[in-house]
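Please read them with the coordinates open.

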Amino acid sequence: MKLQVSTRLAIFALLHLAGRPDEQLSVSDIGDKYGISSHHLAKVMHALGRAGLVRAVRGARGGYQFSGNASRTTLLDVVQLFEDWASPHAISGIDGRTNEAWALSKVVAEIDEIAQATLGSITIATMLKLIDRRRHEQKRST
Amino acid sequence: MGAGGRRVAADGGGGRTRTLSRNRVPHAVESAVDIKTRAPAEKSVRVRRVKATDIPQVVALDQQITGIGKAEYWRDLYARYGKRRLAERFFFVAEPSGKRAGKNILGFVIGEIRAWEFGSAPCGWVFAMSVDPDTRLHGVGKSLLDAISFEFRKAGVSKMRTMVARDNRLHLLFFRSQEMAAGPYLQLEKELD
Ligand SMILES: CC(C)(COP(=O)(O)OP(=O)(O)OC[C@H]1O[C@@H](n2cnc3c(N)ncnc32)[C@H](O)[C@@H]1OP(=O)(O)O)[C@@H](O)C(=O)NCCC(=O)NCCS
């Protein structure tokens, strides 16, 4: 499974902001960390704002803040904002008119269903726990 | 990009008022039997081994959640997991630690140590877990899982496994939040004709 660049940027930005709930971060603060162009990221942030997941704060120290519910927002919620995942067959994009195509689409649909169930079961809060654990492990090994 | 202005539900559709304390059983649990949270007595959760007198409430809770009454099945599970080989079989229930009238069983978990299935080294298996819908999202599930994990560790295993339905979002969200991830086995099945 390959996620579009926008989807990955959205997930990085959300994790970055949700992990720093008291900070307001500008598009360039976030862009610099992940080596992303501000132009591309601005579009992604706008989409996340429309979905209610981030809030733009105006003023001299303005920027973006996470405004979703970290333990209720799943990766699938975010992915679906950017990818066309209406149904498993939309993901596989396989036309099932021949028996061969039907057999292949069955396998691809199985993979897609597992991918959706996985993304739908991992929340932003769960991701933050994973990141935290890695941070601790890195600290311990240095 | 197809964001289309759709809003993401922020409360997961829950929105239930919290009646129990959110205090959780600490990670280092002292004992699986009689585990208490640090919350005020009447609000906290206690996890203990199941007793025969709990089974009607367990049956009722399971029926409320699954829609299927299976009294015989639960009596059999009690006989096998609540009374025998208790060093490797665990059937725990959660109850409010301050006694109250009426419904007392808030949830249950069942698991056992399994070894050498398809070459797997001994590990702890959780194969049933449910919490009363009225008390969900208050840490009861976490208290139950902490208790059974503690027993698994005490029995000498360092890995815990479970298998949940792919469309059971609550189970998946819960186990994932407890840092469980896909393991090296895949579940396969076929229709037998
Ligand atoms: C899965 C289940 C046991 C969880 O029990 P619970 O007491 O609500 O769980 P907890 O309160 O300990 O939740 C721990 C974490 O799990 C996650 N979680 C639990 N329910 C969630 C939900 N509805 N949405 C998102 N995350 C959820 C959260 O991360 C939560 O931590 P948080 O509250 O700090 O965000 C319960 O929902 C249940 O019984 N579901 C039905 C199970 C079933 O289908 N049984 C029949 C077949 S066996």
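1. On burial, which the first points rely on: a residue is called buried when its relative accessible area is under 20%, exposed when over 50%, and partly exposed in between, using a 1.4 Å probe and protein chains only. Helices (H or I, at least four residues) and strands (E, at least two) are DSSP runs, numbered from the N terminus.

2. On sources and conventions: this is a predicted model, in which local features need pLDDT of at least 70 and side-chain atom pairs count only at pLDDT 80 or more, whereas totals for chains, interfaces and linings use all residues. Residues are numbered from 1 along each chain as its sequence is written, chains are lettered from A and ligands numbered from 1 in the order in which they are written, and side-chain values use heavy atoms, with hydrogens and water left out.

3. Chain A contains seven helices and two strands, arranged along the sequence as α-α-α-β-β-α-α-α-α. Its C-alpha trace spans about 60 × 35 × 25 Å along the principal axes, and 40% of its 142 residues are buried. With contact taken as heavy atoms within 4.5 Å, residues 24 or more positions apart account for 62% of the chain A contacts that have a separation of 6 or more. The chain exposes about 8,100 Å², of which carbon and sulfur atoms supply 52%; accessible areas here come from the Shrake-Rupley method with a 1.4 Å probe, and for residues only the protein chains shown count as cover.

4. Helix α1 of chain A (residues 5–18) has 14 residues and reaches 20 Å from its first C-alpha to its last, close to the 20 Å expected at 1.5 Å a residue, where the expected span is 1.5 Å times one less than the number of residues. This helix is mostly covered, since 11 of the 14 residues of α1(A) are buried, among them Leu9(A), Ile11(A), Leu14(A), Leu15(A) and His16(A). The cover over the buried residues of α1(A) includes the helices α2 (27–34), α3 (38–50), α4 (75–82) and α7 (124–141) together with the strands β1 (54–57) and β2 (63–66), in chain A.

5. Helix α6 of chain A covers residues 99–121, and the 33 Å between its end C-alpha atoms agrees with the 33 Å that its 23 residues should span at 1.5 Å a residue. Buried residues of α6(A) include Ala101(A), Ser105(A), Val108(A), Ala109(A) and Asp112(A).

6. The axes of α4(A) and α6(A) come within 5 Å and cross at roughly 120°; axes are lines fitted to C-alpha atoms, for helices over the stretch in contact, with angles running from 0 to 180 degrees between N-to-C directions. Leu75(A), Leu76(A), Val79(A) and Gln80(A) of α4(A) make this contact with Gln116(A), Leu119(A) and Gly120(A) of α6(A). By class, the contact has four nonpolar, three polar and no charged residues, where Ala, Val, Leu, Ile, Met, Phe, Trp, Tyr, Cys and Pro count as nonpolar, Asp, Glu, Lys and Arg as charged, and the others, Gly among them, as polar.

7. Where does Thr126(A) lie, and what does Thr126(A) touch? Thr126(A) is in helix α7 of chain A and is buried, with a relative accessible area of 6%. Not counting residues up to four places away in sequence, Thr126(A) touches Arg176(B) and Ser177(B). The side chain of Thr126(A) also makes a polar contact with that of Thr123(A) at 3.0 Å; such a contact is a pair of N or O atoms within 3.5 Å, and within protein one must be able to donate a hydrogen and the other to accept it, while residues adjacent in sequence count only if both atoms are side-chain atoms.

8. Chain B has four helices and six strands, in the order β-β-α-α-β-β-β-α-β-α from the N terminus. Of its 193 residues, 41% are buried, and its accessible surface comes to about 11,200 Å², with 54% belonging to carbon and sulfur atoms.

9. In the loop between β5 (123–131) and α3 (140–154) of chain B, Asp132(B) counts as buried at 2% relative accessibility, and a polar atom of its side chain lies 3.0 Å from the backbone nitrogen of Asp134(B). Leu137(B), also placed in the loop between β5 and α3, is partly exposed at 46% and has a positive phi near 65°.

10. Glu179(B), in the segment after α4 (169–177) of chain B, likewise deserves a look: its phi is positive, about 65°, although it is not a glycine, and at 36% relative accessibility it counts as partly exposed.
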